[in-house]
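Here is a short briefing to read alongside the structure.

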Amino acid sequence: MAYKRSQILICGGTGCTSSGSMNLAKELKKELVKHDIIDEIEVVVTGCFGLCELGPVVIIYPEGTFYSRVEVADIQELVEEHLVKGRPLSRLIYTEKGDGHHPLSINELGFFKKQKRIALKNCGVINPEDIDEYLGFGGYTAIEKVLLTMSPQDVINEIKASGLRGRGGGGFPTGLKWQFAHDATSEDGVKYVVCNADEGDPGAFMDRSVLEGDPHSLIEAMAIAAYAIGSSKGYVYVRAEYPIAVKRLQIAIDQAKDYGLLGNNIFDTDFSFDLEIRLGAGAFVCGEETALMNSIEGKRGEPRPRPPFPANKGLFGKPTVLNNVETYANITAIILNGAQWFASVGTEKSKGTKVFALGGKINNTGLLEIPMGTTLREIVYEIGGGIPNGRAFKAAQTGGPSGGCIPASLLDTKIDYDNLIAIGSMMGSGGLIVMDEDNCMVDVARFFLDFTQDESCGKCPPCRIGTKRMLEILERICEGKGIEGDIERLQELAEGIKASALCGLGQTAPNPVLSTIHYFRDEYEAHIFDKKCPAGVCKHLLDYTINEDTCKGCGICAKKCPVEAISGEKKKPFSIDLAKCIKCGSCIEACPFGSISRA
Amino acid sequence: MAELIPVENLDVVKAIVAEHRNVPGCLMQILQETQNDYGYLPLELQRTIADELGIPLTEVYGVATFYSQFTLKPKGKYKIGVCLGTACYVRGSQPILEKVNNILGTVVGETTADGKWSVDATRCVGACGLAPVMMINDDVFGRLTVKEIPTILEKY
Ligand SMILES: Cc1cc2nc3c(=O)[nH]c(=O)nc-3n(C[C@H](O)[C@H](O)[C@H](O)COP(=O)(O)O)c2cc1C
Ligand code: SF4
Ligand code: SF4
Ligand code: SF4
Ligand code: FES
Ligand code: FES
């Protein structure tokens with residue numbers, strides 16, 4: 001390859017693709033040809049850099065200059081200034097604090113400073129559609145080391161010693177899981193390794209970013225797992241909603257086959273491994289491991305009772321190891337750098353790092369990887385850059401529909417599996433949603449319960465009926481029809497469901513409700529007793545008023561009101577009869593002068 | 001978007017079954033490809049799949065109705081998906097969805113009588129940085145405000 005004086009990385013993650021990064025790549029190549037520098041400069045389309053909020057993102061090396069919200073119209077100037085004249089284009093360089101300082105290198109950004117990238121090491125660095133780049137970054141040397149120098153038990157011992165725990169939610173020790181499947185016997189010798197890429201948490205995209213940004217690391221790790229347990233066949237179960245991820249993973253599998261890194265007699269050993277993609281079809285419960293296996297088998301994705309455990313009787317009734325994408329994404333680094341190195345990162349019982357998809361009311365929405373033990377405060381204020389529009393932090397939600405809301409008083413909690421459980425939430429797969437004073441905690445609880453209720457597979461009554469009851473109560477509270485005793489009824493139902501539901505979906509569904517009651521009981525009480533929504537979200541609890549000073553008396557609102565609650569004389573201020581108003585909100589939208597408000 | 005295959009034409013679904021029938025757990029893949037080609041999974045197609053595979057129709061129906069991606073009714077020419085994932089929800093995607101339904105006179109999960117629109121509430125589409133997000137077929141609209149919705153819909 002000819003020497004390249006500069007390298008331009010364009011983010012091809014889903015966030016940036018959505019905001020048009022593929023058009024940038026085309027335009028960029030056109031400009032480079034125009035200036036006749038296409039041979040000196042390499043253009044690489046990568047996976048997500050993490051700062052999706054600022055997309056489309058372009059980084060130019062060797063300087064590491066971080067350009068944000070780049071548009072096609074900017075490309076001509078960008079090429080002329082940065083690449084032809086060698087002057088970074090400060091107009092497009094991201095200024096973190098809005099203080100006019102344009103850091104010349106990505107390493108100066110607070111967003112990246114506190115992070116430590118193990119699972120995401122190649123994301124946003126290499127071109128995921130080119131196996132040679134992965135090889136150039138040490139790819140497939142871990143499987144080589146494993147096959148040529150380690151026994152299956154050596155591999156398992158190494159993973160055990162690293163302290164790696166499952167990143168899909170539960171935090172089960174990965175090495176132990178592999179040991180069980182290794183020790184299990186199969187009559188015909190068939191065993192399976194499965195990757196859970198169903199990523200059901202409705203506000204999270206960690207696994208997708210690994211698939212999109214570094215698919216080969218998953219393939220390599222699954223091959224290592226297969227060797228460790230004595231399997232030669234793997235499946236990756238991916239959410240159907242992830243077209244880019246599926247495409248890149250398929251490309252990676254095909255390339256690995258071409259290079260003999262998948263298939264028969266890998267590295268001329270007698271180890272063979274083949275990998276197949278299976279698509280989900282939109283059922284959250286299929287993220288549960290036994291339901292997922294049913295789904296791969298072409299059945300309804302209902303959970304199976306356990307025992308038997310998948311390690312003994314899993315996919316197609318064979319011993320099976322099933323791990324999450326991010327869990328696998330840590331494997332090659334552990335093999336290459338050693339268990340000790342990995343175990344030196346993190347807390348006593350939670351080793352390594354965790355990837356989070358940070359979203360909601362936060363300045364730097366995106367993907368980040370932090371050492372276990374980092375505090376929530378560091379994530380929200382240092383990496384996340386704080387809350388937009390000067391609003392106050394109210395809560396952070398982790399664990400998705402199985403997790404809980406963490407209040408401001410616990411911002412200094414060090415994030416690890418056990419601490420999160422102790423404060424009524426859980427690690428989950430890594431969704432981290434920040435909420436500010438404008439979010440209503442009762443409404444958030446209702447939102448999650450609406451989700452789990454809808455996704456319950458209906459197999460067992462406590463979950464099917466219990467979540468419905470809880471949702472009815474929450475809806476009633478949000479509509480201002482809550483009655484005394486509703487909080488206690490919710491708590492009672494919750495305990496009943498937790499104790500008797502068959503699978504994790506039901507067992508954890510009440511958590512968002514319990515944790516919001518625990519930390520934000522006053523908000524529930526305001527809804528129930530004062531018929532007020534302090535955050536101003538639940539529209540049935542708000543009063544609608546017309547501002548007499550700005551109302552032009554056009555009467556448009558009165559025509560829109562479905563219950564004739566608005567009246568007035570033309571050209572004079574109108575008014576709303578609160579006794580008639582059903583709080584539908586139509587008038588607010590209709591007023592061309594913004595004269596109607598709710599509070 | 002590729003032209004959909006009319007339901008009367010059963011050759012395509014038969015070919016799909018023939019291609020996958022020997023793969024363990026093939027029913028999901030068959031349903032997925034069939035829906036891709038025909039746009040939806042009416043009973044006729046499910047019956048053909050059941051007959052070709054030699055399994056009861058109830059089994060096919062049971063799977064087709066379990067997963068939310070499978071639809072037994074045709075979707076609109078323009079499929080709108082408003083993201084109600086957590087990140088979008090806390091940044092106000094519910095009012096966006098209401099606005100869309102308001103303008104089009106639609107209900108979530110249904111298709112307009114003229115077959116032009118269907119509206120769904122989706123889960124995280126992976127563009128949380130752009131929340132709130134809406135998709136119309138393959139086009140993604142991010143950082144939405146309720147005000148922009150009419151102008152966006154007019155373009156279709
Ligand atoms: C309702 C439900 C949904 C789940 N969704 C996911 C998911 O989307 N992704 C995932 O990796 N694990 C999910 N899990 C956890 C899996 O059952 C399983 O524990 C995990 O994939 C094991 O991998 P790990 O040990 O590497 O974490 C879910 C569990 C439940 C009960
Ligand atoms: S707990 Fe809910 S999702 Fe799980 S098996 Fe029972 S009904 Fe299905
Ligand atoms: S909120 Fe609805 S019911 Fe109340 S005044 Fe406005 S339009 Fe009428
Ligand atoms: S639409 Fe607005 S300006 Fe017109 S009458 Fe109503 S409140 Fe007044
Ligand atoms: S998708 Fe581009 S930075 Fe995340
Ligand atoms: S929650 Fe809407 S895109 Fe992620």
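What follows looks at one helix with its packing partner, and then at one lysine. Please keep in mind that this is a predicted model.

**Helix H10 of chain A**
- H10(A) covers residues 215-229, and its 15 residues reach 22 Å from the first C-alpha to the last, close to the 21 Å expected at 1.5 Å a residue.
- This helix is mostly covered, with 15 of its 15 residues buried.
- Just after H10(A) comes A:Gly230, which takes a positive phi of about 85 degrees.

**How H10(A) packs on H11(A)**
- The partner is helix H11 of chain A (residues 243-258); the two pack at an angle of about 55 degrees, and their axes lie 9 Å apart.
- H10(A) is therefore oblique to H11(A).
- Their crossing is right-handed.
- From H10(A), A:Pro215, A:His216, A:Leu218 and A:Ile219 take part, meeting A:Arg248, A:Leu249, A:Ala252, A:Ile253, A:Gln255 and A:Ala256 of H11(A).
- Sorted by class, this contact has seven nonpolar, two polar and one charged residues.

- To find A:Lys539, look in the loop of chain A between helix H22 (511-528) and strand S14 (544-546).
- Is A:Lys539 buried or partly exposed? Its relative accessible area is 26%, so A:Lys539 counts as partly exposed.
- Leaving aside residues up to four places away in sequence, A:Lys539 touches A:Tyr544, A:Lys583, A:Cys584 and A:Arg598, along with B:Glu98 from chain B.
- A:Lys539 and A:Glu589 are 50 residues apart in sequence, and their C-alpha atoms are 13 Å apart in space.

Terms used
Residues numbered from 1 in each chain as written. Chains lettered and ligands numbered in written order. Predicted model: local features only at pLDDT ≥ 70, side-chain atom pairs only at ≥ 80, totals over all residues. Heavy atoms only, no water. Helix = DSSP H or I, 4+ residues; strand = E, 2+ residues; numbered from the N terminus. Expected span 1.5 Å × (residues − 1). Buried < 20%, exposed > 50% of the residue type's maximum accessible area, 1.4 Å probe, protein only. Axes fitted to C-alpha atoms, helices over the stretch in contact; angles between N-to-C directions. Parallel < 35°, antiparallel > 145°, perpendicular 65-115°, else oblique. Left-handed = near helix turned anticlockwise from the far one by under 90°. Contact = heavy atoms within 4.5 Å. Nonpolar A, V, L, I, M, F, W, Y, C, P; charged D, E, K, R; others polar.
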